[in-house]
Amino acid sequence: MQIHEKKGYISEIKSATGVNVNRCYQCGKCSAGCAVAEEMDYPPSRVMRLLQTNHIDNYNKLLGSETIWLCISCQNCLTRCPMEIDIPQLMDYLRETALREKKVNKKASHILSFHRAFLDSVRYTGRLYEIGLVADYKVRTFNVFQDLDIAPKMFLKGKLPLMPEMVKDKKQLNKIFTTTCK
Ligand code: SF4
Ligand code: SF4
């Protein structure tokens, strides 16, 4: 969706996510309960404030932020919010928009590689295939030695099956990916 420079983006966000950003009254409970707020360039309540300005510069700041990629969709902010504002849904929307508009923060490239490797695993097997996920992630990031020391322990505990377990209804799986990943 193209954002209108003058009208802003608040109504677009509302129609795409159902979230009315103007309902936020800046109590700060979301930021206080967010486990990764300290790592973020804009904690969740700040994200809400920037969105409320309805100003394209602030919107672009958020699209290019690390915050939207650090959010782990834990829903803690939503549970704590007195106005039941669905911040995880907003973060999803901002991530999708950042990807579409090619505004992804460079520092988030490893997180994005992990997202893609995870989705590839689900796309081809219908489940999470850990060895495939790790190999895919390492190829994407050239980070071959990361966490290599924990692999033998995980293997011995049966957490790294050599062969993937395939989902039976592959057609249905393909359909889900065709309709959701356009
Ligand atoms: S908890 Fe809800 S109302 Fe309070 S700052 Fe966060 S989003 Fe706004
Ligand atoms: S869903 Fe995201 S913003 Fe909300 S508390 Fe969890 S990590 Fe923080």
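In this predicted model, V21 is in contact with I10, I13, M48, L51 and Q52, when its neighbours within four places in sequence are left aside. V21 also belongs to the largest nonpolar core, which has 26 residues and in which V21, L62, I68, I87, M91 and L94 are the members with the most contacts. Two or more residues of this core are given by each of α3, α4 (56-63), α5 (67-70) and α7, and the largest share, five residues, comes from α7. In soluble globular proteins, nonpolar side chains tend to be buried together.

The surroundings of the two ligands were examined next. Around ligand 1 there are 15 residues, of which C24, C27, C30, S45 and C81 come nearest. The elements that contribute two or more residues to this shell are α2 (29-33) and α3 (44-52), with α3 providing the largest share, three residues. When the shell around ligand 1 is divided by class, ten of its residues are nonpolar, three are polar and two are charged.

Ligand 2 is surrounded by 13 residues, and the closest to this ligand are C34, C71, C74, N76 and C77. Here the elements giving two or more residues to the shell are α6 (76-80) and α7 (87-100), and the largest share, three residues, is drawn from α7. The shell around ligand 2 comprises ten nonpolar and three polar residues, while charged residues are absent from it.

Terms used
Residues numbered from 1 in each chain as written. Chains lettered and ligands numbered in written order. Predicted model: local features only at pLDDT ≥ 70, side-chain atom pairs only at ≥ 80, totals over all residues. Near = placed C-beta within 6 Å. Helix = DSSP H or I, 4+ residues; strand = E, 2+ residues; numbered from the N terminus. Nonpolar A, V, L, I, M, F, W, Y, C, P; charged D, E, K, R; others polar. Core = buried A, V, L, I, M, F, W, Y, C linked by C-beta atoms within 7 Å. Buried ≥ 20, exposed ≤ 12 C-beta atoms within 10 Å, placed from the backbone. Contact = placed C-beta atoms within 7 Å.
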